[in-house]
Amino acid sequence: MKIIVPMAGRGSRLRPHTLTVPKPLIPIAGKSIVHRLVEDIAKILKEPIEEVAFVLGDEAFFGDDVVASLTDLAKGLGAKASIYRQDQPLGTGHAIMCAKDSLSGPAVIAYADTLIRADFELDPSADAVIWVKQVDQPEAFGVVKLNQNNEIIELVEKPKEFVSDLAVIGIYYFKEIGVLRNELQNVLDNNIKNGGEYQINDGIKAMMANGKVFKTGSVDEWMDCGNKDVTVETNTRMLGFLHNDGEHLVDYGVTLENSTIIPPCYIGENVVLKNTTIGPNVSLGNGCHVTDSTIKNSLIQTYSQIKNADLDNAMIGNHVSYDGKFTSISIGDYAVLE
């Protein structure tokens, strides 16, 4: 089994955090989005992972440190890491075809801006599986239309009239991904574009037209990391799941001086808390120092200095120096507020 992970985009909706850090590498409960996603998919598949192929953007943004991190991720699953580049943002289908040399055999495609919680068996009768989640407002999503045999017969993008309430979440399984590769090659060769880009859906629709059977796989939880508010909410939900799973989330070496941690919280290495209350639902990355503060429902990355703060629904980047009493904030890397 292979996992193909397109992650070339910079994540403009999550600026300023994505000006220096690719969105898939932003930590949720102490671990990057892409690490959590790939590891969770590997658990769901319940079979050995042969290769993880990552499709990255330009080297100036996705540099050697990113490549090293992703290589370690694949090795942790006993898999080969393959690195490809998408130099131009030409769509989902184009991104997948940048990994053309890895598109053979059974594979999962997963876009690295979402997290899931799921436990199910792949349907062996299906040529492909599209993961979906039942939603309250299907008109805001791409949805699948099913026939009487619960097979997917159509993909509809943001339907104005009700088609179904099963939203496509951006994770796909193909029994033989070479079939999708051939259809997407035809899309590229014939310059078939939607919204000015080459889309995976055009390859999938061609597979359906040729009689390939698509089934749905449902997830229990689908968590977005699209902007600051939903990323903080996803951090909160993930902390709750991990806490209920019994994971130890607070480093044993945290320095506590007249301070309290209200679970669930993730606290990294070499964190110092003085006259501070942390939690619930807070992630504090390695090397953070927090003094005379109260922080809840927030995500703070690494090596940031926080004092005199009363924060709720806050997202703070790396190496930030923050002194103040603002509440709902979004601060990028290396910012200083006094």
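Tutor: Start with a definition: the expected span of a helix is 1.5 Å times one less than its number of residues. Bear in mind that this is a predicted model.

Student: Which residues of α4 are buried?

Tutor: I177, G178, L180, E183, L184 and V187. The parts that cover them include β1 (2-6), α3 (92-97), β6 (107-110), β11 and α5 (200-209).

Student: And what caps the N-terminal end of α4?

Tutor: E176 does, with a side-chain oxygen 2.7 Å from the backbone nitrogen of G178. After the helix comes N191, which has a positive phi, near 55°.

Student: What about α1, how far does it reach?

Tutor: From its first C-alpha to its last, α1 reaches 18 Å with 13 residues, close to the 18 Å expected.

Student: How many residues of α1 are buried?

Tutor: Eleven of the 13, so α1 is largely enclosed by the rest of the structure. The buried ones are I33, V34, H35, R36, L37, V38, D40, I41, A42, I44 and L45.

Student: Next topic, cores. Which residues touch the most other members in the largest nonpolar core?

Tutor: V5, M7, V34, V52, F54, W131 and I171, in a core of 55 residues. Helix α1 (residues 33-45) gives this core its largest share, eight residues. At least three residues come from each of domain 1 (2-226) and domain 2 (250-323).

Student: What is M7 in contact with?

Tutor: Leaving aside neighbours within four places in sequence, M7 is in contact with P24, V34, F54, V55, L56, F62, L70 and A112. Another core lies apart from the largest one and has 31 residues, including A128, L180, I204 and M207.

Student: A128 is in strand β8, I think. Is that strand mostly buried or exposed?

Tutor: Strand β8 runs over residues 128-134, and five of its seven residues are buried, so the strand is largely enclosed by the rest of the structure.

Student: Which way do β8 and β11 run?

Tutor: They run antiparallel, joined by six bridges, with β11 covering residues 166-174. A128 stands opposite F174 there. With strand β12 (residues 214-218), β8 pairs in the parallel sense over five bridges. The bridge partner of A128 in β12 is F214.

Student: Where do the side chains in a strand point?

Tutor: In a regular strand they alternate between the two faces of the sheet.

Student: Back to single residues. Where is E51 found, and is it buried or exposed?

Tutor: E51 is in strand β4 (residues 51-56). Its relative accessibility is 6%, and the cut-off for buried is under 20%, so E51 counts as buried.

Student: What do the side chains of E51 and S82 make?

Tutor: A polar contact of 2.5 Å. The side chain of E51 also makes a polar contact of 2.6 Å with that of S102. Not counting residues up to four places away in sequence, E51 touches M1, K2, I3, A79, K80, S82, Y84 and S102.

Student: And S283?

Tutor: S283 lies in strand β19 (residues 282-284). Its relative accessible area is 3%, so S283 is buried. Beyond four places in sequence, S283 touches A29, G30, N235, L239, Y266, S298, L299 and I300.

Student: Where does D251 lie?

Tutor: D251 is in the loop between α6 (228-244) and β14 (255-257). At 26% relative accessibility, D251 counts as partly exposed. Its side chain reaches the backbone nitrogen of G253 at 2.8 Å. Apart from neighbours within four places in sequence, D251 is in contact with I267, G268, E269 and N270.

Student: How far apart are D251 and A209?

Tutor: They are 42 residues apart in sequence and 53 Å apart in space, C-alpha to C-alpha.

Student: Last one, domains. What separates the centres of domain 1 and domain 2?

Tutor: 33 Å, taken over C-alpha atoms. The contact takes eight residues from domain 1 and eight residues from domain 2.

Technical notes:
Residues numbered from 1 in each chain as written. Predicted model: local features only at pLDDT ≥ 70, side-chain atom pairs only at ≥ 80, totals over all residues. Heavy atoms only, no water. Helix = DSSP H or I, 4+ residues; strand = E, 2+ residues; numbered from the N terminus. Buried < 20%, exposed > 50% of the residue type's maximum accessible area, 1.4 Å probe, protein only. Contact = heavy atoms within 4.5 Å. Polar contact = N/O pair within 3.5 Å; in protein donor to acceptor, adjacent residues only side chain to side chain. Core = buried A, V, L, I, M, F, W, Y, C linked by side-chain atoms within 4.5 Å. Domains from an automatic or database assignment. Pairing = 2+ DSSP bridges.
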